[in-house]
Structures are given as C-alpha cells and as structure tokens.
Amino acid sequence: MLYMINATDVADSLEQRLASRPAHLARLQALKDEGRLVLAGPFPAVDSNDPGPNGFSGSLIVAEFESLEEAKAWADDDPYLKSKVYQSVEVKPFKMVLP
C-alpha cells in the first residue's frame, strides 16, 4: 500500500538540511531502486523552485510499504529527523487516484 510522509522543518533548517542531504537522498534512491517510490521532494519556503537562503519548510514522500508501521519506522529512521531538520513527521495511508 502507498503511504504519505509529510514532514515539517524546524526554523532555519537549511544548513543542517544540506549537511544531511546525501544520506537522506541515498535512502530515497534505495526506495526508487526497489520500485517503491512514487514521489519525493521538499517544500520551498518561498514561491520559487530555488528558494536560496530561504530554504525549505518541509518535505513530502509518497512510497509503498507493507504496513503503516513499516512506513512509520522508515520515516523515524530518516537522517533529516535524526539530525533535527524535521520538527514533525506525519505518516498516513495514501490512495493514488491519478495519474
């Protein structure tokens, strides 16, 4: 089943986000390689694809997991959460209708 992982950053997270990004992307790449990643990306803090020093306000991941518990465990092990980029993380079942 698909699950949505919606994370909210702490204020001024850009420096720590950049430091933790390689490890975060490696985990996402593993999901992609397994054919389980639907989409992933950050929320720019301003209305721009490149927010510059304004950074990001959070992230969204939609991926396939065996259960809600597995999705939560995966999210709890994210380098962004461990390095305190994320203030909070919400995990919910997701039903993709389109495309």
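Start with glutamate 34 and arginine 36, whose side chains meet in a salt bridge at 2.6 Å, N to O. By salt bridge I mean a side-chain nitrogen of Lys or Arg within 4 Å of a carboxyl oxygen of Asp or Glu. Before going on, a note on the source: this is a predicted model, in which local features need pLDDT of at least 70 and side-chain atom pairs count only at pLDDT 80 or more, while totals for chains, interfaces and linings use all residues. Residues are numbered from 1 along each chain as its sequence is written, and side-chain values use heavy atoms, with hydrogens and water left out.

Back to the pair. Glutamate 34 is partly exposed, at 49% relative accessibility. The cut-offs are under 20% relative accessible area for buried, over 50% for exposed, and partly exposed in between, with a 1.4 Å probe and protein chains only. Glu34 and Arg36 also belong to a network of salt bridges that includes Glu70.

How many salt bridges does the structure hold? There are six. Among them is the one between aspartate 77 and lysine 82, with the closest N and O atoms 2.5 Å apart. Aspartate 77 is partly exposed at 36%, whereas lysine 82 is exposed at 55%. Another joins lysine 92 to glutamate 90, and there the closest N and O atoms are 3.4 Å apart. Lysine 92 is partly exposed at 41%, and glutamate 90 is partly exposed at 34%.

Next, the nonpolar surface. Val38, Leu39, Phe94 and Met96 make a nonpolar patch of about 310 Å². Patch residues have over 30% relative accessible area and no salt bridge; like charges are joined within 9 Å, and nonpolar side chains (Val, Leu, Ile, Met, Phe, Trp, Tyr) within 5 Å. The areas come from the Shrake-Rupley method with a 1.4 Å probe, and for residues only the protein chains shown count as cover. Valine 38 lies in strand S2, residues 37-44, and is partly exposed at 36%. Strands here are DSSP runs of E, at least two residues, and helices are runs of H or I, at least four, numbered from the N terminus.

Now the largest pocket, which has about 220 Å³ of space. Of its 14 lining residues, Arg17, Arg21, His24, Leu25 and Pro42 are the closest to the centre. The elements giving two or more residues to this lining are helix H1 (14-33), S2 and strand S3 (56-64). Which element gives the most? That is H1, with six residues. A pocket is defined on a 1 Å grid over the protein atoms alone, as an open set of points where a 1.4 Å probe fits, with protein on both sides within 12 Å along at least five of seven lines; lining residues have an atom within 4 Å of a point. Grid points are joined across faces, edges and corners, and the volume is the space filled by probe spheres set on them.

Last, the backbone. The peptide bond from leucine 98 to proline 99 is cis, with omega near 0°, and proline 99 lies in the segment after strand S4 (86-94). Aspartate 12, a residue other than glycine, has a positive phi, near 55°. Aspartate 12 sits in the loop between strand S1 (2-9) and H1, and is exposed at 80%. Lysine 84 also has a positive phi, near 65°. Its loop runs between helix H3 (79-82) and S4, and lysine 84 is exposed at 62%.
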